[in-house]
Protein chains: 2
Amino acid sequence: MSSNKLQIIKTMQPKEKPDVNQVKFGSVFTDHMFKMNYTIDKGWHDAKIIPYQPITLDPAAMIFHYGQTVFEGLKAYRTNDDQILLFRPEQNMRRLNSSSERLSIPQIDEEEVLYYLQQLISIEKDWVPKDPGTSLYIRPFIIATENSLNVNPSCSYTFMIILSPVAAYYPEGINPVRIYVEEQFTRAVKGGTGMAKTAGNYSAAYNAQSAASTLGYSQVLWLDGLEKKYIEEVGSMNVFFKINGEIITPELNGSILEGITRKSLIQLLNSWNVPVVERKITIQEIVEAYEKGLLEEAFGTGTAAVISPIGELIWNDLSIKINQGETGETAKRLYDTLTKIQTGKISDPFGWTQQVRELDETIPSH
Amino acid sequence: MSSNKLQIIKTMQPKEKPDVNQVKFGSVFTDHMFKMNYTIDKGWHDAKIIPYQPITLDPAAMIFHYGQTVFEGLKAYRTNDDQILLFRPEQNMRRLNSSSERLSIPQIDEEEVLYYLQQLISIEKDWVPKDPGTSLYIRPFIIATENSLNVNPSCSYTFMIILSPVAAYYPEGINPVRIYVEEQFTRAVKGGTGMAKTAGNYSAAYNAQSAASTLGYSQVLWLDGLEKKYIEEVGSMNVFFKINGEIITPELNGSILEGITRKSLIQLLNSWNVPVVERKITIQEIVEAYEKGLLEEAFGTGTAAVISPIGELIWNDLSIKINQGETGETAKRLYDTLTKIQTGKISDPFGWTQQVRELDETIPSH
Ligand SMILES: Cc1ncc(COP(=O)(O)O)c(C=O)c1O
Ligand SMILES: Cc1ncc(COP(=O)(O)O)c(C=O)c1O
């Protein structure tokens, strides 16, 4: 633990905290941010918490040209007795490193960065909102900063963490959405970057998403890039189905992102002795289950919404209505349980939550 | 033409020009750059040529998170009589717009931007190097600048052009390279972003490239992402083969970038009545042609190298030696002809080159 390496510079002009229920997702940021740099000589160094501020880069910085970057997304929650909890943050650090491996970005020390994150949240604890369903969204990211147009891995990087207070995803409770099965565009393919959380994957999906919204759907259901046959993800969430009492979710195949919500829900279901299987799932199979009346539920899972029930799937001309367009009981139970664990309302038998300690005041601060 | 919209601010501290043969590709930049901004209200506006300088962005700027960005690469050449020529720049502007369409980025006015580019090169004409094979590399690019973590297209963008004097790609004449046929990683797939010049495609290729260099190869030959059967590109170049007197190159299939060098070479070959065919090519077919002694040449094509002959292809355990590891006669003839057209050494029957006019001094400059 290299606590002594962390420099802290506090802002002299704290911002006014907004009404979190009035702000758009990810558009307001807290007073401070974390930053450290990497060079080949020094490795990761110069870790500091500083006032939230712009970054200055040369126009030739590699991030602008070759997309060498990875990110994470997790949340801090405020409990009823004003503790701050992080949900499985060590999983995000691990996934950040695995994304970095795919993008030829140097590894971080997961424990060390987790410590820095704890310190940052501790400084910003007043920014973690109180209202039910609200949270502080945490965005760690790494960008390539070498100034060169040569197409090869950067020799320098900047790692940052920024924080944004966010409203409840579902102000009126969770609500099933209509989803369009995408056949033209591809999100990811084996051997590509689909299993990494890297910038290029997300803008690559905009065309499909906006075509779907134009047609009145919330999101797209992604099929595999090879045969357009197997179900992969929904929007930028993992996806689960309940067919004839069994929960199934696409197996990790190299093009699906391994969601931490997905992983946690599987563990929850196992602990309840509800059958859950990770395997390949064809869209055809979903249609057949629907036609036989066996398709009971479908839902997306991810940090932002936790659970997003699917009320209707549209595949070509076929409309597949699921559970009369209502949230299913499994989705509801999973949502309630997971959000209660995340916010400390029920006990946490898995040890998933991590309490944010008070700022370590032994650190020299400036 | 909106020449009157261009503001020009010249530097007071011109840099010392380096010996271009001593600098690494894309690491030195000229005195000025072009910049303009986009907002939904104003469209593209505030076009200006200003001293080369860093850009300042919020850490939440979308470019850092979701990779919404496109770029181009082209060159300006100095002729023996000190004219400056651009090679088919209108093709790059068109491709920029087609990449932007894939990335949900607003279109530019191609003619207007070409005018701005002409003005910029005109101001920087002393930076276009003289030595044989040298040129001024031109990098136009667009980045998403909205400060928001919401996963959707940005409402604001910055377009920039930066310029870098570059050495001859082959200081000792063109030299065949050894290429590794990549089977694990995938560059692009139909429905993805392979046909767009966008950042994420390039860093996604680093793992494969570095594995190949570790084994002693220059680059990888990319197969299609679906069946790992059809040849797509080599490194970040298009690829051509000569089999039994016929030139073949993979047809544009939605995952291959449409190279301007590729297009120009096809036109040249047609003008010479050399048979050239765009079609699917399997790696198996190349092996068979090799075994029958019919594989005569192979080469990559792109702006950076123009032609990069392939002396050897390694596929699994098979080494495919091509033309005894020597540059083939078609590659040589294409290289000589195209580079002579680009540098004004022979006439330009296709009207590919565009002379850079003197700076339009009617423009108010500051
Ligand atoms: C592409 C993609 N799939 C799935 C997920 C769900 O992952 P998690 O549950 O860790 O939020 C995310 C991120 O939120 C994602 O970006
Ligand atoms: C992926 C890729 N393929 C092919 C090419 C060749 O295109 P051009 O001939 O226009 O330089 C490039 C760019 O140079 C490229 O980035």
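## Before we start

Keep in mind that this is a predicted model.

Start with ligand 1, which has 15 residues around it. Which of them come nearest? They are A:Tyr202, A:Glu233, A:Ile260, A:Thr261 and A:Thr303. If you sort the shell around ligand 1 by class, you get four nonpolar, seven polar and four charged residues. Two elements of chain A each supply at least two residues of this shell: helix 6 (260-271) and strand 16 (295-302).

Now zoom in on some polar atoms. The side chain of A:Tyr202 has an N or O atom 2.4 Å from an oxygen atom of ligand 1. For A:Lys197, a side-chain N or O atom is 2.9 Å from an oxygen atom of the ligand. A:Glu233 pairs up with a nitrogen atom instead: one of its polar side-chain atoms lies 2.4 Å from a nitrogen atom of ligand 1. And how much of ligand 1 does the protein cover? On its own, ligand 1 has 380 Å² of accessible area, and the protein covers 94% of that.

## The pocket that holds ligand 1

Ligand 1 takes up the space of the second largest pocket. This pocket has a volume of about 1,000 Å³. Its lining is made of 49 residues, and those nearest its centre are A:Tyr169, A:Ser236, A:Met237, A:Ala304 and B:Val151. Quite a few elements of chain A give two or more residues to the lining, among them strand 8 (135-144), strand 10 (177-182), helix 4 and strand 17 (306-315).

Which element gives the most? That would be strand 16 of chain A, with three residues. By class, the lining of this pocket divides into 25 nonpolar, 17 polar and seven charged residues.

## Ligand 2, over in chain B

Next up is ligand 2, with 15 residues around it. Here B:Tyr202, B:Glu233, B:Ile260, B:Thr261 and B:Thr303 come nearest. The shell is made up of four nonpolar, seven polar and four charged residues. In chain B, helix 6 (260-271) and strand 16 (295-302) each supply at least two of the shell residues.

Where do polar atoms meet this ligand? An N or O atom in the side chain of B:Arg95 is 2.8 Å from an oxygen atom of ligand 2. B:Lys197 has a polar side-chain atom 2.9 Å from an oxygen atom of the ligand, while B:Glu233 has a side-chain N or O atom 2.4 Å from a nitrogen atom of the ligand. Ligand 2 has 380 Å² of accessible area on its own, and the protein covers 95% of it.

Finally, the cavities. How many of 30 Å³ or more does the structure hold? There are six.

Two elements give two or more residues to the lining of the largest cavity, namely helix 4 (199-203) of chain A and helix 4 (200-203) of chain B. Sorted by class, this lining has eight nonpolar, 17 polar and two charged residues.

Note on methods
Residues numbered from 1 in each chain as written. Chains lettered and ligands numbered in written order. Predicted model: local features only at pLDDT ≥ 70, side-chain atom pairs only at ≥ 80, totals over all residues. Heavy atoms only, no water. Near = heavy atom within 4 Å. Polar contact = N/O pair within 3.5 Å; in protein donor to acceptor, adjacent residues only side chain to side chain. Areas by Shrake-Rupley, 256 points an atom, 1.4 Å probe, with all protein chains shown as cover. 1 Å grid on protein atoms, 1.4 Å probe; cavity = no way out; pocket = protein on both sides within 12 Å on 5 of 7 lines; lining within 4 Å. Sits in = over half its atoms within 2 Å of the grid points. Helix = DSSP H or I, 4+ residues; strand = E, 2+ residues; numbered from the N terminus. Nonpolar A, V, L, I, M, F, W, Y, C, P; charged D, E, K, R; others polar. Points joined across faces, edges and corners; volume = space filled by probe spheres on them.
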